Amino acid sequence: MKVAVAGCCHGALDKLYETLELLQRRHNVRPELLLCCGDFQAVRNEADLRCMAVPAKYRHMQSFHRYYSGEKKAPVLTVFIGGNHEASNHLQELPYGGWVAPNIYYLGYAGVVRFRGVRIGGISGIFKSHDYRKGHFECPPYNQQTIRSAYHVRNIEVFKLKQLKHPIDIFMSHDWPRSIYHYGNKKQLLKMKSFFRQEVESNTLGSPAASELLQHLKPTYWFSAHLHVKFAAYMQHEANSKEELPKATKFLALDKCLPHRDFLQIIDVEHDPSAGDSLEYDAEWIAVLKATNSLVNVTPDSWNMPEKDGLHAKWDYSATEEAIKEVLEELNHNLKIPCNFTLTAPCYDPSKPQKHLELIHTINPQTTEFCAQFGLTDINNRIQQAKEEGSTRGKYEEEEEEEMDSTGSAEEPSEYNTDNSGLSSINPDEIMLDDEGGDEDLSTCSVDPSPDHPPDFSASFSDIRIMPDSMAVSSDDAMDFTNEEPEKSGVNKEVEEQSLKKKPLKRIGGNENGNSGGKKIKRRNQAIYAAEDEDKTE
């Protein structure tokens, strides 16, 4: 089965689907499934735009609203995860996943589904240590903190995924698993993205939570985006026992979706020819959701997941075969995900702009139905109940703002001692969240597994790369990083440490008093919106 994989989409659905159509016309290749690794931007209207953590000048409607309204329909089944530039209020309606438009499915905060026998998992958002142990407490209207924390990965989602025992074929994360760069052509990556050097050498680039999942799940494929550079790696896993067969993961990070960019990958995946062509629930995942339902937390309080440390009566929430069997019986062995998409917000109408459309915390009927069917907690309903009962949310926000002013974050010690909150080195791919200063032209690069074994270009145009089943990556392609002499970095880590002590809206390089006499450190994640400026320079 041919599967198309895309990186940061940024709402450019028309471009994405047009590229797939061009692929079919020119090469007679028709993928049956499209996967998108975050920054999908399912923006329905002006209110959704205000829920994206980007400077105002980068808030563009793009084309998703046409698929939401029914004006257009996705020509191929599309499954995506969330990134760090999303209409968070929309995706928050579907914490367990669901349809954001006909034929376009969101995996939720974390999720696993099946298509034609292929098991696909994913986790949405990016890692930030100071929010990692909190519950999903955010809801619209967001403030300057919650509009960002809403898309931060939480430990409960990682804990749920770590309960899985059966093999995963494909897994998606937005940010890269930490350390994955050691298993590919690291030298070429640093040549093309030199500002990654300090984080690569200190092993702080990427998500430690995603790295933990990579080592636990050991999927056949792992796809990521976020850093806007194509990079391939091959990771051989150690067997946990003599009986376990050796496993390896083919990792691929994808570029952003822009014209004249190599942003789309086509792979061949083994599938079950007898399986239907509908998206299906995964019985083990449903059983894990049921088992961990009591752990749902909708407060900003930090807490740890159960561990085998003598402090918890139960720490293993994995699904037994009996529990999986019960799920199958509940569904009468019909795992097909119902096509129950429902409009929950007005759709953008260019002839009738509504710039002041009210932000509403919405309970999505899909989530209500899903929770009722499997006996799960509706997270958004729980949040609303907490608000109605006079929860401490308002008090927390006031306290958090005070603490943010003095310390940079209201955080308790994390199980991870480092954070990937940004590059400590000066990164030309970053712009400040308040958008002070001018934008710099950025070049988007492609890093292949090895300069000696470049993948085969089967397409005659730059937007698509078709890869064989092996993904053209082997253990021979990975660089021997153990023998490399790390180059000295001239950038002081204190730049990042000082910047984290400032308010989260600005990160200025300079002296410890925060004077902006030095060069500005621009936030890498926002540069993805500079496509228009980039194209003008090409």
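1. A residue is called buried here when its relative accessible area is under 20%, exposed when that area is over 50%, and partly exposed in between, with a 1.4 Å probe and protein chains only. Helices (H or I, at least four residues) and strands (E, at least two) are DSSP runs numbered from the N terminus. The model is a predicted one, in which local features need pLDDT of at least 70, side-chain atom pairs count only at pLDDT 80 or more, and totals for chains, interfaces and linings use all residues. Residues are numbered from 1 along each chain as its sequence is written, and side-chain values use heavy atoms, with hydrogens and water left out.

2. The chain has 16 helices and 15 strands, and 57% of its 538 residues count as buried.

3. Helix H10 (residues 283-291) is largely enclosed by the rest of the structure, because seven of its nine residues are buried; these are Ala283, Glu284, Trp285, Ile286, Ala287, Val288 and Leu289. Contact being defined as heavy atoms within 4.5 Å, the cover over the buried residues of H10 includes strands S6 (110-115), S7 (118-123) and S13 (279-281), together with helices H6 (155-161), H11 (321-330) and H12 (365-374).

4. At the start of H10, the backbone nitrogen of glutamate 284 has a side-chain oxygen of aspartate 282 within 3.3 Å.

5. Asparagine 84 lies in the loop between strand S3 (77-80) and helix H4 (88-92), and asparagine 84 is buried, with a relative accessible area of 1%.

Key: Polar contact = N/O pair within 3.5 Å; in protein donor to acceptor, adjacent residues only side chain to side chain.
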